[in-house]
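Please look over the sequence and the fold before reading on.

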Amino acid sequence: MTALPAMLRAASAAFLLAGPAVAGLGSFLVPIPPAQAAPPAIAESGPFVPGFTDVPVMPGLATAESEPLVFDKPGGRIVQAVLSGEVPRQAVLAFYDQTLPQLGWRRTADRVFVREGEELRLEFPKPAGRQVATAVRFTLTPR
């Protein structure tokens, strides 16, 4: 047990004696910047849009309908789901414009993305009455 403190004292003494020699190496050391906040990962945005396996739900949006409309046929699948929330429409567009390309979707027009023979459209249905929430309809069809 007494060997450890003796080793620490010896190592400290060696470091102090070599201090001037080690100090000259300071100009070769590159400071490491503090970790920067990483952009939000896709997984942090929550679950996926109902009926979709890889389109995340934007924070602030929630399912507006109980079940998505899903047709899986030989020519491709058709999926439709609606989400809504107290988020600005422009924020929804910005989120999906940034997120979907990371998942392999390519934007071809305003609110239209394509990938592997499928087309995904984001539509904003007019709210009924004086509803404040933004509603977004996700529609996937064969291309």
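Leaving aside neighbours within four places in sequence, which residues is Phe138 in contact with? Contact here means heavy atoms within 4.5 Å. On that basis Phe138 is in contact with Val49, Phe52, Val55, Val79, Gln80, Ala81, Leu83, Tyr96, Leu120, Arg121 and Leu122. The model is a predicted one, in which local features need pLDDT of at least 70 and side-chain atom pairs count only at pLDDT 80 or more, while totals for chains, interfaces and linings use all residues. Residues are numbered from 1 along each chain as its sequence is written, and side-chain values use heavy atoms, with hydrogens and water left out.

The protein chain has two helices and seven strands, in the order α-β-β-β-α-β-β-β-β from the N terminus. Helices (H or I, at least four residues) and strands (E, at least two) are DSSP runs, numbered from the N terminus. Of the 143 residues of the protein chain, 27% count as buried. Buried means under 20% relative accessible area, exposed means over 50%, and partly exposed lies in between, with a 1.4 Å probe and protein chains only. The accessible surface of the protein chain comes to about 9800 Å², and 62% of that surface belongs to carbon and sulfur atoms; the areas come from the Shrake-Rupley method with a 1.4 Å probe, and for residues only the protein chains shown count as cover. Among contacts between residues at least 6 apart in sequence, 51% join residues at least 24 apart.

In soluble globular proteins, nonpolar side chains tend to be buried together.

Helix 2 itself has 14 residues and reaches 21 Å from its first C-alpha to its last, close to the 20 Å expected at 1.5 Å a residue. The expected span is 1.5 Å times one less than the number of residues. Val92, Leu93, Phe95, Tyr96, Thr99 and Leu100 are buried in helix 2, and its buried residues pack against strand 3, strand 5, strand 6 and strand 7. An α-helix has 3.6 residues a turn, so residues three or four places apart point the same way. Just after helix 2, Gly104 takes a positive phi of about 95°.

Val87 is buried, at a relative accessible area of 13%. Not counting residues up to four places away in sequence, Val87 touches Met58, Pro59, Gly60, Leu61, Val92 and Thr134. Val87 and Thr134 are 47 residues apart in sequence, yet 6.2 Å apart in space, C-alpha to C-alpha.

Next come the charged pairs. Side chains of opposite charge can pair when their charged atoms come close. A salt bridge is a side-chain nitrogen of Lys or Arg within 4 Å of a carboxyl oxygen of Asp or Glu, and a search of the whole structure finds seven. In one of them, the closest N and O atoms of Glu118 and Arg77 are 2.8 Å apart. This pair links distant parts of the chain, with Glu118 in strand 6 and Arg77 in strand 3, 41 residues apart. Glu118 is buried, with a relative accessible area of 13%.

Asp97 forms a salt bridge with Arg107 at 3.3 Å between the closest N and O atoms. Asp97 lies in helix 2 and Arg107 in strand 4 (residues 106-109), so the pair ties together parts that are 10 residues apart in sequence. Asp97 is partly exposed at 31% relative accessibility, and Arg107 is partly exposed at 42%. Asp97 and Arg107 belong to a network of salt bridges with Asp110 and Arg111.

Three bridges join strand 4 to strand 5 (residues 112-115), and the two run antiparallel; strands pair if DSSP finds at least two bridges between them. Ala109 stands opposite Val112 in strand 5.
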